[in-house]
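Trainee: I've got a model open and I'd like to learn how to read it. Can you walk me through it?

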Amino acid sequence: MNTSFLYPTFLIVHLSALAVMAGSTFINYLGYRTLWGLLPDNSVKAEGILFFLTKFGRIIGIGAALLIISGIGMMALTKGVYGEQLWFRIKFVVVLLLIGNAIVYRRRTALKLQRLVEKDTAALTGNLSEFKTHTRNFHILQLLLFLTIIFLSVFKFN
């Protein structure tokens, strides 16, 4: 297959996957803000919102998989030329931080929150400010990491 067609295709998939991931993270942030407004008074609606929010993990995961596959494809087509540049090395570390933050921080908090909503809304009320802080910090950090990735990709300094 012609590489002059393949590289732009990988780039389009790569940028689209990044947009899906960042957009889903932002929508997830807005969803949690809605959730905090419903708790503890309206736990039935809160459970529905929380169920909806749990679906974003899969969308973000699919975006991440497409991002990685298209990134590997572009690296293969360019014979790793970007891998030698400083901006790319920094970007790679930021991507690892993005993944690590999602796996360690968000997943643990979301699972704990889901268990509390399903079991005992009264126990959740006492921990609500803790969950608000954790989810807000997670989303702000993720969005800043996405902005850093975009900045590094656009300016490509060496």
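This is a predicted model: local features need pLDDT of at least 70, side-chain atom pairs count only at pLDDT 80 or more; totals for chains, interfaces and linings use all residues.

Trainee: Fold first, then. How many helices and strands does the protein have?

Mentor: Start with the secondary structure elements and their order. Here there are five helices and zero strands, so the pattern along the sequence is α-α-α-α-α. The C-alpha trace spans about 60 × 30 × 20 Å along its principal axes.

Trainee: What share of the contacts joins residues at least 24 apart?

Mentor: Look at sequence separation. Taking contacts between residues at least 6 apart in sequence, 79% join residues at least 24 apart.

Trainee: And what percentage of the residues is buried?

Mentor: Of the 158 residues, 32% are buried, meaning under 20% relative accessible area. The accessible surface comes to about 9,500 Å², and carbon and sulfur atoms hold 69% of that.

Trainee: Now the pocket. Which residues lie nearest its centre?

Mentor: The general idea is that rolling a probe the size of a water molecule over the atoms shows where empty space is left. In this model the largest pocket holds about 580 Å³ of space. Its lining has 24 residues, with H14, G71, M74, F88 and K91 nearest the centre. Helix 1 (3-38), helix 3 (56-77), helix 4 (86-119) and helix 5 (121-155) each give two or more residues to that lining.

Trainee: Which helix gives the largest share of the lining?

Mentor: Helix 4 does, with seven residues.

Technical notes. Residues are numbered from 1 along each chain as its sequence is written. Side-chain values use heavy atoms; hydrogens and water are left out. Helices (H or I, at least four residues) and strands (E, at least two) are DSSP runs, numbered from the N terminus. Buried means under 20% relative accessible area, exposed over 50%, partly exposed in between (1.4 Å probe, protein chains only). Contact means heavy atoms within 4.5 Å. Accessible areas come from the Shrake-Rupley method with a 1.4 Å probe; for residues, only the protein chains shown count as cover. On a 1 Å grid over the protein atoms alone, a cavity is a set of points where a 1.4 Å probe fits but cannot get out, and a pocket is an open set with protein on both sides within 12 Å along at least five of seven lines; lining residues have an atom within 4 Å of a point. Grid points are joined across faces, edges and corners, and a volume is the space filled by probe spheres set on the points.
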